[in-house]
Protein chains: 4
Amino acid sequence: MLDRNEAVRSSLAQRYAQVRRFSETLCKPLAIEDYGLQVVVEASPPKWHLAHVSWFFETFLLRPFLSGYQVFHPRFEYLFNSYYEQTGTGFWPRPERGLLSRPTVAEVYDYRRHVDGAMERLIAQCPEADWPEVERRLLIGINHEQQHQELLLTDIKRHFAHNPLRPLYRTDLPVAEPASPAPLRWLEYEGGLIEVGAQGPGFYYDNEGPRHRVFVAPFRIADRLVTNGEYLAFIQDGGYQKVAFWLADGWAQVKREGWRAPLYWEERDGEWWVMTLGGMRPLDPAEPICHLSFYEADAYATWAGKRLPTEFEWEHVAASQPLAGHFVEDGWLHPRAAPPGDGIKQLFGDVWEWTGSAYRPYPGYRSAPGALGEYNGKFMCYQMVLRGGSCATARDHIRPTYRNFFYPHERWQFMGLRLAEDCA
Amino acid sequence: MLDRNEAVRSSLAQRYAQVRRFSETLCKPLAIEDYGLQVVVEASPPKWHLAHVSWFFETFLLRPFLSGYQVFHPRFEYLFNSYYEQTGTGFWPRPERGLLSRPTVAEVYDYRRHVDGAMERLIAQCPEADWPEVERRLLIGINHEQQHQELLLTDIKRHFAHNPLRPLYRTDLPVAEPASPAPLRWLEYEGGLIEVGAQGPGFYYDNEGPRHRVFVAPFRIADRLVTNGEYLAFIQDGGYQKVAFWLADGWAQVKREGWRAPLYWEERDGEWWVMTLGGMRPLDPAEPICHLSFYEADAYATWAGKRLPTEFEWEHVAASQPLAGHFVEDGWLHPRAAPPGDGIKQLFGDVWEWTGSAYRPYPGYRSAPGALGEYNGKFMCYQMVLRGGSCATARDHIRPTYRNFFYPHERWQFMGLRLAEDCA
Amino acid sequence: MLDRNEAVRSSLAQRYAQVRRFSETLCKPLAIEDYGLQVVVEASPPKWHLAHVSWFFETFLLRPFLSGYQVFHPRFEYLFNSYYEQTGTGFWPRPERGLLSRPTVAEVYDYRRHVDGAMERLIAQCPEADWPEVERRLLIGINHEQQHQELLLTDIKRHFAHNPLRPLYRTDLPVAEPASPAPLRWLEYEGGLIEVGAQGPGFYYDNEGPRHRVFVAPFRIADRLVTNGEYLAFIQDGGYQKVAFWLADGWAQVKREGWRAPLYWEERDGEWWVMTLGGMRPLDPAEPICHLSFYEADAYATWAGKRLPTEFEWEHVAASQPLAGHFVEDGWLHPRAAPPGDGIKQLFGDVWEWTGSAYRPYPGYRSAPGALGEYNGKFMCYQMVLRGGSCATARDHIRPTYRNFFYPHERWQFMGLRLAEDCA
Amino acid sequence: MLDRNEAVRSSLAQRYAQVRRFSETLCKPLAIEDYGLQVVVEASPPKWHLAHVSWFFETFLLRPFLSGYQVFHPRFEYLFNSYYEQTGTGFWPRPERGLLSRPTVAEVYDYRRHVDGAMERLIAQCPEADWPEVERRLLIGINHEQQHQELLLTDIKRHFAHNPLRPLYRTDLPVAEPASPAPLRWLEYEGGLIEVGAQGPGFYYDNEGPRHRVFVAPFRIADRLVTNGEYLAFIQDGGYQKVAFWLADGWAQVKREGWRAPLYWEERDGEWWVMTLGGMRPLDPAEPICHLSFYEADAYATWAGKRLPTEFEWEHVAASQPLAGHFVEDGWLHPRAAPPGDGIKQLFGDVWEWTGSAYRPYPGYRSAPGALGEYNGKFMCYQMVLRGGSCATARDHIRPTYRNFFYPHERWQFMGLRLAEDCA
């Protein structure tokens, strides 16, 4: 019979193995040629993702904690470091991740095997004295790989959408029956002096804490996400032509990039189509609007006479809700229309929801020391918070306190919005 | 005897005249050649400032409210509009403001005379029914011109610093005696559920309201600004070489621009000098550090083991303080060392203080409709809040609720910082 | 009675004074504000031209040859050097010549006075032993200043055309009566083994020699320049839309810049106007086409089924012709229609003629040693040869062997073309 | 027994098949991952080369001449057109050739099979009336594929050199024994009125004609190429630091790019190494200098007190020489040291020789009409002529009249130089 510690280790070993396996499952539909692509600087090649997450375990677990560990290749710490400056190894320039045909895909899979074997040993054999720190880092590493699984999918979508042949990532994805969208209803919250942020037990990222009090005035929030159909009305009302709806930086972006619809929307003979991981599909008005920048989300809310919720309003609403919604395990890889029924819907999964909150540290926040402290803290400027996860997120990766963050102009993630308003 | 309305009008007419005159006083030391300079996109030529503020009165007051008003020149609405999209006139590209030798300086002064005459008539004669809106806009226009007076000074400093001859804007500026900086002391505040933001009576910008409640945890704040001497210790400790202190976007900026000190610092034979509006001066360690980006302010605070105050902490502290400090009227045009003595010092004037707060709308904020609504609201993204005014700000322009905002990389304003920290 | 040497010196002193004076005459119509403008990198501010030509005399004549010469300002060798690397002083970046408000215009005129006084002394008093080299350099300096006089005019035109107010440089310029263009006639030349290039006596630039033999096959050349009317037919035939007429780099330029007509052409309500130094004028179909890149000249010739002459064909034709044509002294500052009559016309003056010859060294060419050797030789790559001078060139500056050169995309000089073709 | 026409067709069919096969032979050492790489805009992915040359046959031969021909894929005319504007199909942007993972490598090989089958039928069966034009285009197509074979090799070298792992294209390349370089000797030519350029019979590109007379003054030319050892002396003499040797555009390039040696040279611990298609090798001083821009070739010649030969001098010398040298078939894929012995050496093969001649049309040159006319003519501006072929060129692709051309800053081809000088 296992004692508790062994049980914890064994369970984490299983979780590690399962998460690692899932990264490779996601790559199954790819051709070798697809593994090296980087069509824009923010989207990395699948091969790079597969190697980088392995580098993470190697760097933060195997090298410091597995005695006698031999690195797989001496240059990989340079090639597959993403942005951790304090490791001291430097890193291959991010815009050039697609310019390396070697190591080959097969070599990267060998690298994963090498790391997996060593991680198995480390989990089983590391001294008790090291275990607390190993466990802490292991959980970060597992969650880190889950984040890259989501990026794998969103980056593949970005790469394939750039190809005029519009390749399909999956030919076997289910497609929802078109349905009428449920009418939008408003739910009212009293707010007050509430508590937000994570505290144990259970894993959470450092940027989710410390738990602390904030004052929230009474507000109303929409019971579901904004739909394609609603967003289309904004477009048809000249939303992309009228400056009055836009933040100044957003309007500059619209002009510079010639935006006239969300990413992946395509007009063909007067009909709108959308690119999905299962190929081109006609626009379904009931589905949540997706692949929207913060600027577009904000402009839509302004046009609608509403606003985005703050991250604290959102968390206040979500804290009491079950973690229901469509995640990556559900296999749609595309957001689904809101189900009928009362109460708040679509908080989790489907699409990340832009909030009106800038990504800044919570009171009392301190980055961890060393390179691992670069995980979240150094990005706390210039970005906006998104909440709730998407159809490409793993279900056990998400929490009501989870803070995602992107620059306001970015839109290649599964990103959408929900409206809110002040109570008079 | 004047009735109340006439008294109000007459007093505003005086204030208008005085503020307009001060803009021209500030330009007295310039050569004609200096009026057209634009060495970087964010710093406009003096000539443009002088004309733009006049365009503002013409566009928002004279054209809509002074019957029979004849514009001075039909193209000026295009040349001297800054960024108001909803006027429908378009505007000359901001990066090219220095590429227009005509209208000449003399013509721009004629334009000012033309506008001033018409404004005098409008203030004296506009129908009572129009007066509330005219008064509202007039106050905005006067405050707007005061903001451009500050920019006039900071832009001239920027232009002259680019010239290898290092011209002097003023040859007659007073210079403070070097003194030892007062030791930094910490003041503790309980915080709690407090109120922030402006409400009448008296003028304030729309971005200062609505007044609302926020929860502030107990905190400590420094009794004075960070000094040159303290910042020099950060530099000497490798501050600009060690990534661990920096936000990621800040570090990228440091690398890209080769920053190794604040703007206008110059090392000559191992001694630091600073460019001032009165020419090059040896660095005074007791003076407040100035011309710092948010990135540098944040990195300094991280290095010091502290943080920046939030804008609400700052306002909470400032709300009960007198509006004491060195403003433009004091004629130093350079920040001064903290005076000896107890209590909080240098809150107002000397240098704008970077806060840790992103510039976002207050709960319930709505932009005004029309072009005048573009004044503040559309910039509520991507910028950080600064508080307190500077040695180039007019004293009657500042309030404890006043929110200034700049991009985190900008540093040509008189910008510095004050430290804060959480109570354990 | 003067001896021959004194006569030579005195005559050169006069020519020096007259050329220097003419630079200032050209600046008379300018406002102080116009002196500092630089709207594109290739067009320098008038103030810079006035100072640079003075720097040239200071650097190459006064410093090495006038004993006891005191430079006017120690930083001017840095500010007003154009591109001479071998002087060792470095130079202020060319794109930033418009970013210096100081020295003021008055100071630059003082600089000129300072240099002129010293030059007068040098010419009068320099030892006989130095005179040959002084005379050689003086002639280069005088010709150099004449080149900058032409640039002064073309740069002012460029700066003023950028201003939406379209200022006039001169309000008193004569305008030619519209006339029918003379029909184009072809003149046939036998060619053969001919001699080209300059040899003494008399001043010529080093790039015009050595005189040498080239073989020229029989050819025909147009008796006059291509006219606006003829070029308009090319435009109306879709010249700027049809790739078949264009060199690849030219077509890329047309697309990138959105070219649809020569520089300074402007379509208003279906009519073409052209910007001149005397303001906007309706297009005169009889005038020579002007402000054309090599790409456009070449495309026009291809469209017309002809080609550009080589620089040797042109020189062969020009060698036997009188130096007749409209130069800067004629005061039109704009090209004029061809006069009636037989024989070759418009070879000299009016517009520089693009040839089909790349600017390369003649056989046996060697740059002079030292910084002065950078005058012509280092540009012998990537540029094309133009011949004949323009309405902005001084008459005594031009020769049949004179080689001007610009990059193929440039068009702000008075540049046009003449057609040629092979004999069957 | 075959009649003459059948024999011609059969021989061309064989040559076609052999050339097509060789392209694929060159790709044998590649991993699938290598096929899609494009590390700089001028170097295309191997996959693109393989498809583009097939598109060429499809577009210019199969579609117009093979009745009933079915294109392999309707989008390939867009994806694999390089720059032919007059086909009317447009083309995928050149800088993005590496951003397409599909079609896969296997699909591109299928495309080649499809085209080869059709070409076989066309050559065997096309009507006699079509044959002259088919034969003309077939020869262009075969030569075109040979040019891309050379690019395949130079582009792979460029791609691999960008990878910090420095992959080897071939592990089995022979390496020459180090030897002393032969002393350089000068050969004198009288020149005179000579004939240059191609005329039939036999295939040549249109840019090689018409054959015509040029006058060439007496000159001397080096009996062999400049060597690594000689070029190293230039570097050690500060060649890359002294502006006096450089053309202005070349010097700007050196500064901008930080050049301090030819492409692929790498200094490790004070020793120079060079990247080859067989990996890193120590610098061999006897080998010809290679991977040099025109700017560097010209600067070297200036430093040496010599000059580059003109293309006519080169052709005059080469016209009487046998086509001896190291070509791609010799299997070195790297230039070799000059053999001992008298007479002119290394004219053909080894490295392309930069000449001092700008790439301009010969007298009487006319581009062919239609898209095929875009092959050479539209590039006759801004580039310099190279002569003689390289170790990556097919032997039967080269002639004494062959004109290659590249921009002066390009250096990723096997490019070197030979010195010349004027006879006194």
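Chain D and chain C bury about 2,700 Å² between them, with 59% of that on carbon and sulfur atoms; buried area here is the accessible area (1.4 Å probe) that two parts lose on being put together, summed over both. In chain D, the residues that lose the most area to chain C are Phe215(D), Arg360(D) and Tyr382(D), together 24% of what that side buries. This is a predicted model, in which local features need pLDDT of at least 70 and side-chain atom pairs count only at pLDDT 80 or more, while totals for chains, interfaces and linings use all residues. Residues are numbered from 1 along each chain as its sequence is written, chains are lettered from A in the order in which they are written, and side-chain values use heavy atoms, without hydrogens and water.

Contact (heavy atoms within 4.5 Å) involves 34 residues of chain D and 34 residues of chain C. On the side of chain D that touches chain C, 20 residues are nonpolar, six polar and eight charged; Ala, Val, Leu, Ile, Met, Phe, Trp, Tyr, Cys and Pro count as nonpolar, Asp, Glu, Lys and Arg as charged, and the others, Gly among them, as polar.

A rotation of 180° with 0.0 Å of shift along its axis superposes chain D on chain C, with an RMSD of 0.0 Å. The two copies are thus related as by a two-fold rotation axis. Superposition is by least squares on the C-alpha atoms of residues with pLDDT of at least 70 in both copies. Of the interface residues of chain D, 100% are also interface residues in chain C, so the copies meet through the same surface.

Chain D also touches chain A, with 30 residues from each of these two chains in the contact. In chain A, Glu33(A), Arg102(A) and Leu165(A) lose the most area to chain D, together 28% of what that side buries. Arg102(A) forms a salt bridge with Asp34(D), with the closest N and O atoms 2.5 Å apart. A salt bridge is a side-chain nitrogen of Lys or Arg within 4 Å of a carboxyl oxygen of Asp or Glu.

| Chain pair | Buried area | Salt bridges |
| Chain D and chain C | about 2,700 Å² | zero salt bridges |
| Chain A and chain D | about 2,400 Å² | two salt bridges |

Other pairs are apart. No contact joins chain A and chain C, whose closest C-alpha atoms lie 16 Å apart. Chain B and chain D do not touch, and their nearest C-alpha atoms are 16 Å apart.
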